[in-house]
Amino acid sequence: MPPARRSPGARRITLIVAAAVAVALVGLIGFSVGRLSTIDNPTPTATSAEAGFARDMQVHHLQGAELAMIIRDRTTDEAVRRLGYDIALTQQQQAGQLYGWLTEWDLSQAGPEPSMTWMTRPGRSDAGHAHTDGAHTPGEPMPGLATGEQIAALTAATGVDAERQFLTLMIAHHLGAVEMAEAVQDRANNTSVLGFANSVIISQEAEIALMESMLAAR
């Protein structure tokens, strides 16, 4: 006697149950991995590369958002306005994430040492040879930051002139952020910070290429 055929409804119920079991297993595995990664992911200290990066990149990102909002009101070019809006939105959101990490780590938003100090300390790539501080000096401006004079000039400009100034400033700004993200990758151990830095590098290098093409067209 041939086996009874299940109705479509029964087959759907079986698939739903199987999917629910799969989701539960994935969630259980993810929870277990999360617990293990927390054990191997100690809370950053006040002078760690993670904390220094979180503080300095907040300042860096907030200036990027400021530049983006300035150009939004000084050009009628839709592509530049859209780029400015996207940059402002992304960098404000990421600055909030960095602020949240410091709060979660129970660390002050104001560091106990000058900005950029963490970037002058040896990284993993310096192992086995002498470390040099390079162009970075604690307390001096972060790489790629626009000066007060440059911001004033952008604020006073309009149209294509403003677009050229903005693109030039933002390319330099993004290059500085990539440099900081690469520096923290070489010094940090926290997996969340390492993942954040990688996303900064990927997204900002893509925007640099876009802005270089936009600048060349002007």
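At what angle do helix H2 (residues 49-72) and helix H4 (residues 148-156) pack, and how far apart are their axes? In this predicted model, the angle is about 20° and the axes are 9 Å apart. Angles under 35 degrees count as roughly parallel, so H2 and H4 are roughly parallel to each other. Here is a friendly tour of that pair, another helix pair and the nonpolar cores.

**H2 with H4**
- H2 passes H4 in a left-handed crossing.
- On the H2 side, Gln63, Glu66, Leu67, Ile70 and Ile71 make the contact, and they meet Ile151, Leu154 and Thr155 of H4.
- Sorted by class, this contact holds five nonpolar, two polar and one charged residues.

**H3 with H5**
- Helix H3 (residues 78-104) and helix H5 (residues 159-185) cross at roughly 35°, and their axes come within 12 Å.
- The crossing of H3 past H5 is left-handed.
- H3 contributes Val80, Leu83, Gly84, Ile87 and Gln91 to the contact, while H5 brings Glu163, Phe166, Leu167, Met170, His173 and His174.
- Six of these residues are nonpolar, four polar and one charged.

**Nonpolar cores**
- The largest nonpolar core has 26 residues, of which Phe53, Leu98, Trp105, Trp118, Met180, Val184 and Val193 touch the most other members.
- At least two residues of this core come from each of H2, H3, H5 and helix H6 (191-216), and H5 gives the largest share, six residues.
- Leaving aside residues up to four places away in sequence, Trp118 touches Ser48, Ala49, Gly52, Phe53, Asp56, Met180, Ala183, Val184 and Arg187.
- A second, separate core has 22 residues, among them Ile71, Leu83, Ala146 and Ile171.

Key:
Residues are numbered from 1 along each chain as its sequence is written. This is a predicted model: local features need pLDDT of at least 70, side-chain atom pairs count only at pLDDT 80 or more; totals for chains, interfaces and linings use all residues. Side-chain values use heavy atoms; hydrogens and water are left out. Axes are lines fitted to C-alpha atoms, for helices over the stretch in contact, and angles run from 0 to 180 degrees between N-to-C directions. Helices (H or I, at least four residues) and strands (E, at least two) are DSSP runs, numbered from the N terminus. A crossing is left-handed if the near helix is turned anticlockwise from the far one by less than a right angle, and right-handed if clockwise. Contact means heavy atoms within 4.5 Å. Ala, Val, Leu, Ile, Met, Phe, Trp, Tyr, Cys and Pro count as nonpolar, Asp, Glu, Lys and Arg as charged, and the others, Gly among them, as polar. Angles under 35 degrees count as roughly parallel, over 145 as roughly antiparallel, 65 to 115 as roughly perpendicular and the rest as oblique. A nonpolar core is a set of buried Ala, Val, Leu, Ile, Met, Phe, Trp, Tyr and Cys residues joined through side-chain atoms within 4.5 Å. Buried means under 20% relative accessible area, exposed over 50%, partly exposed in between (1.4 Å probe, protein chains only).
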